[in-house]
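Visitor: Please take one part of this model and look at it closely, then carry on from there in a single connected account. I would like the cut-offs behind each term to be stated as you go.

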Amino acid sequence: LEEYLARFATTVAVLQHASAVERAAYELVEDAARDGVHYIEVRNAPILNTRGGLSLVEVVEAMLRGLRRGEQVNGVIARLIIIALRHMPPATSMEIAELASAFRGNGVVAFDLAGAEAGYPASQHAAAFLYARERDLACTCHAGEGDGPLSVRDAVHRCGAHRIGHGTRLIEDPSLTEFVNDRRIPLEICLTSNVQTRVALSYAEHPLRRYLDLGLSVALSTDNRLMSDTTLTDEYYH
């Protein structure tokens, strides 16, 4: 996972101006429309787009302009999930939760936590999750991708995540798997990304089929379309 995330240094470097952020957001919706997508939730960590002088608010506004233009031209409903990063201080995550909450109902639908898992427990950012939840903002959390089922347990029980990004290693904890299933906490499954980061050795060995057989709520997702060189159609094919 850490090797996968390191590649974003290149792509983020060219997304430091409002016009570039807006263009990328628009073109993502355009690509999604060509892929047959009718509704897309776009994840972004706006703090990574502030290195050229943009404020957090300016980044979000640029993204929303691009998404809205994409909606108008392509007929795809596009919403934004704002990401905080595990390796950054909890105070920064709180700032991101405040940012996401400020745009709730204006194009932003959720607060998320992502980034390197091992050594960076989600519970360190529990206050940010609480802030978002208390303002009726949905919360999702990347977990069980770069670390084991304890990471999912942390996200569910300590952070109150309504949805889990990946959850690939959840299956290793039968009790927690049952808990997640009983409470209909969806898993956002990203097959290609999981094979690339080696959390699953192959498509065939991915636990998706077992999750389906157990009746869990799962949704196929692309993770990062550019970095993984995939589309939603590709994910369904696999």
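Guide: The axes of helix 4 and helix 5 (residues 90–102) come within 11 Å of each other and cross at roughly 45°, where axes are lines fitted to C-alpha atoms, for helices over the stretch in contact, and angles run from 0 to 180 degrees between N-to-C directions. Helices (H or I, at least four residues) and strands (E, at least two) are DSSP runs numbered from the N terminus. The model is predicted, so local features need a pLDDT of at least 70 and side-chain atom pairs count only at pLDDT 80 or more, while totals for chains, interfaces and linings use all residues. Residues are numbered from 1 along each chain as its sequence is written, and side-chain values use heavy atoms, with hydrogens and water left out.

Helix 4 and helix 5 are therefore oblique to each other, given that angles under 35 degrees count as roughly parallel, over 145 as roughly antiparallel, 65 to 115 as roughly perpendicular and the rest as oblique. Their crossing is right-handed, the term for a near helix turned clockwise from the far one by less than a right angle, with left-handed for anticlockwise. From helix 4, L56, V57 and V60 meet E95, I96 and L99 of helix 5, contact being heavy atoms within 4.5 Å. By class, this contact has five nonpolar, no polar and one charged residues; Ala, Val, Leu, Ile, Met, Phe, Trp, Tyr, Cys and Pro count as nonpolar, Asp, Glu, Lys and Arg as charged, and the others, Gly among them, as polar.

E22 is paired with R69, their closest N and O atoms lying 3.9 Å apart. Because E22 belongs to helix 3 (residues 18–34) and R69 to helix 4 (residues 56–74), this pair ties together parts that are 47 residues apart in sequence. R69 is partly exposed at a relative accessible area of 34%, on a scale where buried means under 20%, exposed over 50% and partly exposed in between (1.4 Å probe, protein chains only).

Within helix 3, E27 and R23 form a salt bridge with an N to O distance of 2.9 Å, and as they are four residues apart, about one helical turn separates them. E27 is partly exposed at 31% relative accessibility, whereas R23, at 53%, is exposed.

A search of the whole structure finds 15 salt bridges, and the one between E41 and R163 has an N to O distance of 2.8 Å. It links distant parts of the chain, with E41 in strand 1 (residues 39–44) and R163 in strand 5 (residues 163–166), 122 residues apart. Both ends are partly exposed, E41 with a relative accessible area of 27% and R163 at 24% relative accessibility. A network of salt bridges links E41, R43, D112, R163 and E188.

Strand 5 also holds H166, which has a positive phi of about 85° although it is not a glycine, and which is buried at 2% relative accessibility. D136, likewise a residue other than glycine, has a positive phi near 60°; D136 sits in the loop between helix 6 (126–134) and strand 4 (138–143) and is exposed at 60% relative accessibility.

Definitions and conventions: Salt bridge = Lys/Arg side-chain N within 4 Å of Asp/Glu carboxyl O.
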